Amino acid sequence: MENRLPAGFGGLILAAGLSSRMGQFKPLLPLRGRTVLENTVDSMLDAGVEEPVVVLGYRAAELEVLVKSRYGNGRVRLAYNRRYAETDMLASIREGLAALPSCRAFFLLPGDMPLVTGKTFRLLGQAMPEGNGSIVFPLVNGRRAHPPLIGSAFIGPICRYGGTDGLRGFWRTQQEHILDVPAEDPGCCQDLDTPQQYQSCLARLSK
């Protein structure tokens, strides 16, 4: 298996939220000698994702300094959800899509999911049918997980979607285009919403 994705795959990383359930600012929490956000960005870059877009909102100035100092100009793009306190994840996705470079398909990953492996990114990329009209989900223990790989044909429909239940509602309108691919990657389910989840993540990494 190739160690990196072929050309043509982009990515969105969502880091605009308030971290209210954590009680601390999740993107800057330490993990493996870096921050949580750096781990998430690195997972995409190391897999071969081209110019991933990080969507910022709460404490955007701090994260902008972190991203620019670590990655310089050109490797990572930034987008901003200025209304992060009053909007949902779909609003952040739309801001990120406006900054996304031209690509065949893009991965969508919350910024608090730092342990997705390169193998998973490559698995999804290999499973993506020709063209840009499919959505590929990793299936972990029978359940859809992150990150989906979304064909660029869905950028317009996502931006125009006005139904209920945000992105989940949008997925329900696109079932005929979704492909589920079994993946053995606990990182696809390891988000860091609470202090308990963060401590569990640290304990797992220490083993």
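Me: How many aromatic pairs does a search of the whole structure find?
Reply: In this predicted model, the search of the whole structure finds seven aromatic pairs.

Me: Which residues form one aromatic cluster, and why is the charged end of Arg-144 said to sit over the ring of Phe-137?
Reply: The cluster is formed by Phe-137, Tyr-161, Phe-170 and Trp-171. The charged end of Arg-144 is 5.4 Å from the centre of the Phe-137 ring, and because the distance limit is 6 Å, with a further condition of 35 degrees from the ring normal, the description as sitting over the ring rests on both the distance and the direction.

Me: How do you know that the structure holds zero disulfides, taking Cys-189 as a case?
Reply: A disulfide needs two cysteine sulfur atoms within 2.5 Å. For Cys-189, the closest cysteine sulfur is that of Cys-188 at 6.2 Å, which is too far for a bond. Cys-201 is likewise in no disulfide, as the nearest cysteine sulfur to it, that of Cys-189, is 13 Å away. The count for the structure is zero.

Me: Why is Cys-189 called partly exposed, and why does Cys-201 count as buried?
Reply: With a relative accessible area of 46%, Cys-189 falls between the limits of 20% and 50% and is therefore partly exposed. Cys-201 has 0% relative accessibility, which is under 20%, so Cys-201 is buried.

Me: What makes up the lining of the largest pocket?
Reply: The largest pocket, with about 1300 Å³ of space, is lined by 40 residues, of which Met-89, Pro-110, His-146, Arg-168 and Asp-191 lie nearest its centre. At least two lining residues come from each of strand E1 (9–15), H3, strand E6 (105–110), strand E8 (143–144) and helix H6 (166–172), and H6 gives the most, with five residues.

Me: Why is the peptide bond from His-146 to Pro-147 called cis?
Reply: The omega of this bond is near 0°, and the bond is cis. Pro-147 has its place in the loop between E8 and strand E9 (149–151). As background, most peptide bonds are trans.

Me: What makes the phi of Arg-32 and that of Arg-59 worth noting?
Reply: Arg-32 has a positive phi of about 55° although it is not a glycine, and the phi of Arg-59 is near 55°, again positive in a residue other than glycine. Most residues other than glycine have a negative phi. Arg-32 lies in the loop between strand E2 (30–31) and strand E3 (34–35), and Arg-59 is found in the loop between E4 and H2. At 46% relative accessibility, Arg-32 is partly exposed, as is Arg-59 at 33%.

Me: Why is Pro-148 called buried, and how far from Asp-180 is Pro-148 in space?
Reply: Pro-148, in the loop between E8 and E9, has a relative accessible area of 1%, which is under 20%, so Pro-148 is buried. Pro-148 and Asp-180 are 32 residues apart in sequence, and their C-alpha atoms are 9.3 Å apart in space.

Technical notes: Residues numbered from 1 in each chain as written. Predicted model: local features only at pLDDT ≥ 70, side-chain atom pairs only at ≥ 80, totals over all residues. Heavy atoms only, no water. Phe/Tyr/Trp six-rings, centres within 6.5 Å; stacked < 30°, edge-to-face > 60°. Buried < 20%, exposed > 50% of the residue type's maximum accessible area, 1.4 Å probe, protein only. 1 Å grid on protein atoms, 1.4 Å probe; cavity = no way out; pocket = protein on both sides within 12 Å on 5 of 7 lines; lining within 4 Å. Points joined across faces, edges and corners; volume = space filled by probe spheres on them. Helix = DSSP H or I, 4+ residues; strand = E, 2+ residues; numbered from the N terminus.
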